[in-house]
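Subject: Structure handover

Hello,

Please find the structure below, for your files. My notes on it come after.

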Amino acid sequence: IGQGHLDAVLLPWPLASSGQRRQTDAATRTRDTARFLDTWQALEKLKQSGVVKALGVDQCLPWHLDVIQQDLRLSPAANFVFV
């Protein structure tokens with residue numbers, strides 16, 4: 001059996017508590033964004049190597065998606081949101 005792949009990997013909400021904070025908290029947003037970007041970059045490498053076929057996010061706010069689309073190569077294929 002050869003190497004397999006994952007069909008999709010989802011990056012969950014960057015920090016569980018970040019949704020409880022106001023976006024105007026610049027220090028918190030900067031820290032959360034840096035962690036989110038680092039994680040997304042690692043996932044991009046997995047996709048580029050063929051280990052993962054699609055990347056998505058889970059429960060992300062619009063500003064999380066803006067960060068990905070402005071600063072990184074790949075946009076998420078899906079954003080799973082539960083209401």
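This is a predicted model: local features need pLDDT of at least 70, side-chain atom pairs count only at pLDDT 80 or more; totals for chains, interfaces and linings use all residues.

Residues are numbered from 1 along each chain as its sequence is written, and side-chain values use heavy atoms, with hydrogens and water left out.

Overall

The protein has 2 helices and 3 strands, in the order β-α-β-α-β along the sequence. These elements are DSSP runs numbered from the N terminus, with helices being H or I of at least four residues and strands being E of at least two. Of its 83 residues, 30% count as buried; buried means under 20% relative accessible area, exposed means over 50%, and partly exposed is in between (1.4 Å probe, protein chains only). The accessible surface of the protein is about 5600 Å², and carbon and sulfur atoms hold 54% of that; the areas come from the Shrake-Rupley method with a 1.4 Å probe, and for residues only the protein chains shown count as cover. Among contacts with a separation of 6 or more, 55% are between residues 24 or more positions apart, where contact means heavy atoms within 4.5 Å.

The helix pair

How are α1 and α2 packed? Helix α1 (residues 26-48) packs on helix α2 (residues 62-71) at an angle of about 55°, and the axes are 11 Å apart. Axes here are lines fitted to C-alpha atoms, for helices over the stretch in contact, and angles run from 0 to 180 degrees between N-to-C directions. That angle makes α1 oblique to α2, given that under 35 degrees counts as roughly parallel, over 145 as roughly antiparallel, 65 to 115 as roughly perpendicular and the rest as oblique. The crossing of α1 past α2 is right-handed, a term for the near helix being turned clockwise from the far one by less than a right angle, with anticlockwise being left-handed. On the α1 side the contact is made by R29, D32, T33, F36, L37 and W40, and on the α2 side by W63, H64, V67, I68 and D71. By class, this contact has 6 nonpolar, 2 polar and 3 charged residues. Nonpolar covers Ala, Val, Leu, Ile, Met, Phe, Trp, Tyr, Cys and Pro, charged covers Asp, Glu, Lys and Arg, and polar covers the others, Gly among them.

Single residues

D32, in helix α1, is buried at 2% relative accessible area. D32 and H64 are 32 residues apart in sequence, with their C-alpha atoms 9.4 Å apart.

W13 sits in the loop between β1 (6-12) and α1 and is partly exposed at 25%. Its C-alpha is 7.4 Å from that of V57, 44 residues away along the chain.

N79 belongs to strand β3 (residues 79-80) and is partly exposed at 29% relative accessible area. Leaving out residues up to four places away in sequence, N79 touches V57, D58, Q59, C60 and L65.

Q59 lies in the loop between β2 (52-58) and α2. Most residues other than glycine have a negative phi. Phi of Q59 is near 65°, a positive value.

Regards
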